[in-house]
Amino acid sequence: MDYVVIGHGTAGQTVAAVLKKVDPESHVTVIERGKHVAIHPCSLPMVLSGKLSPTDVEERVPRGKVDLILGSEARRIDRERKLVHFDRGGSLESIHYDKVIIATGLSPITPEVEGIHLEGVGTVWDLESVSDLLKHLGNKVVVVGGSATGIEVASELAGTGRDITLIEAMEQLMPGKVDPPISSLVMKSLSDLGVKVMLKTPMERLEGSGGKLTHVVTPRGSVEADTAIVVIGARPNVSVAIESGLRIGETGGVKVDEYMFTSDPHILAAGDVAEVRDFITGRPTITGLASTALVQGRIAAENAAGGRVKYPGALSPFLVSVGEYFFGGVGLPASRAETLSIDYLAFRFSGSDLPRYMSGKDNAVIWMVTDREGRILGAQVFGRRGVRERILFLTAAIYAGFRVHDIRLMEFAYQPEVCDVLEPIATAAEGIYRKYFVFREPSAGSSED
């Protein structure tokens with residue numbers, strides 16, 4: 001079998017490596033428009049702050065024995081002749097395929113505002129964009145966008161002693177991803193690091209002198225800046241899919257079925273470019289996360305090789321650092337449930353992450369969202385330690401259909417140097433159970449009380 005993988009990010013790398021495992025006699029060709037074998041984009045804020053060097057986040061050898069064509073861009077898939085046409089250094093070439101997997105990912109959104117091309121304005125997306133920023137990284141930095149990337153960039157740069165301002169157009173950080181009880185804790189953590197956070201403050205334009213940035217202009221006035229780092233979102237790279245006549249979904253991603261196949265039975269898509277089903281709502285979504293891209297890539301590869309593995313839908317668990325703290329979430333936020341008119345219950349618990357007699361103890365905050373029967377729809381966690389582990393558990397709990405009644409009676413491992421005997425997740429489940437379900441204990445194996 002001849003496989004062609006378009007793109008070599010997390011999804012593309014996974015597809016190529018898995019194909020060689022499940023179909024070892026196959027020929028796998030990867031077409032990648034970048035000049036690097038692979039990079040780790042989630043580590044780029046640490047490159048910007050100097051914690052890591054550019055070479056630390058670059059992979060130089062592809063996973064598996066694949067033919068990797070760098071500096072080349074796929075232009076069109078000839079579905080009748082089964083050829084992928086691609087541009088290599090200005091020369092148009094073609095390669096035959098039996099199956100194609102599109103893993104072209106996302107591209108950053110660049111706002112069309114005055115001054116966007118001034119020296120000192122950039123983004124954090126790849127090694128090239130970070131290298132450009134490092135050349136012009138001044139002392140007064142404005143981060144535009146309160147996304148996960150914006151928060152981590154602001155946090156990292158605050159640790160270098162720079163004057164950092166973060167502006168966000170919406171009324172909270174990470175709107176639609178976390179709810180106000182967690183967003184407010186993130187904002188406080190940034191403020192404690194010295195970051196000035198300005199909400200409901202969109203960027204109107206950028207002003208400069210002599211071609212160099214001097215101010216970021218907002219409705220609330222101008223913010224002096226040597227550097228502006230614009231991280232306001234991204235959109236799927238679907239040009240090759242459109243040119244090839246494949247179906248594009250309502251989110252702007254390549255529409256795939258539960259087996260990761262596109263509208264063509266010989267072409268699949270995986271990762272950030274693919275429009276998949278949300279596990280909770282069943283609605284179309286784009287994930288934009290390396291962890292989900294990896295799973296989708298694995299499933300796409302197995303199915304391209306003749307498997308029949310279903311993708312259960314995206315829960316999109318994520319984890320973000322802010323100074324010494326972490327926060328994360330999984331599933332459906334309450335704000336999203338309200339937007340979709342989905343009935344829900346929510347509960348916030350804050351408690352110690354270590355026994356009271358242990359030094360260094362801090363609060364762990366759990367925000368839990370359930371349906372009217374107590375099934376977990378989503379959750380968010382904030383704290384200094386154990387955040388990832390709790391997100392992992394809550395992800396598994398949602399996939400398994402756990403209710404708060406199940407979780408409050410679960411046994412959790414305990415060791416005083418690591419955690420309190422009262423696990424915050426169990427305590428949060430107990431709290432929401434007592435508030436909403438104490439007189440409605442569900443019967444085993446039934447959603448009815």
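A: Arg 308 lies over the face of Tyr 259, 3.7 Å from the ring centre. Arg 408 sits likewise over the face of Tyr 433, at 3.8 Å from the ring centre. Such a charge over a ring needs NZ of Lys or CZ of Arg within 6 Å of the ring centre and within 35 degrees of the ring normal.

The model is predicted: local features need pLDDT of at least 70, side-chain atom pairs count only at pLDDT 80 or more, and totals for chains, interfaces and linings use all residues. Residues are numbered from 1 along each chain as its sequence is written, and side-chain values use heavy atoms, leaving out hydrogens and water.

Now ring against ring. The whole structure holds four aromatic pairs. Rings of Phe, Tyr and Trp (its six-membered ring) pair with centres within 6.5 Å; planes under 30 degrees apart are stacked, over 60 edge-to-face, the rest tilted. Phe 393 and Phe 412 pair edge-to-face, 5.3 Å centre to centre, with 65 degrees between the planes. Phe 393 lies in helix α9 (residues 387–400) and Phe 412 in the loop between α10 and α11, so the pair ties together parts 19 residues apart in sequence. Helices here are DSSP runs (H or I, at least four residues), numbered from the N terminus.

Tyr 436 and Phe 437 also form an edge-to-face pair, 6.4 Å centre to centre, with 65 degrees between the planes. Phe 437 is buried at 3% relative accessibility. Tyr 436 is partly exposed at 28%. Buried means under 20% relative accessible area, exposed over 50%, partly exposed in between (1.4 Å probe, protein chains only).

How values were computed. Helix = DSSP H or I, 4+ residues; strand = E, 2+ residues; numbered from the N terminus.
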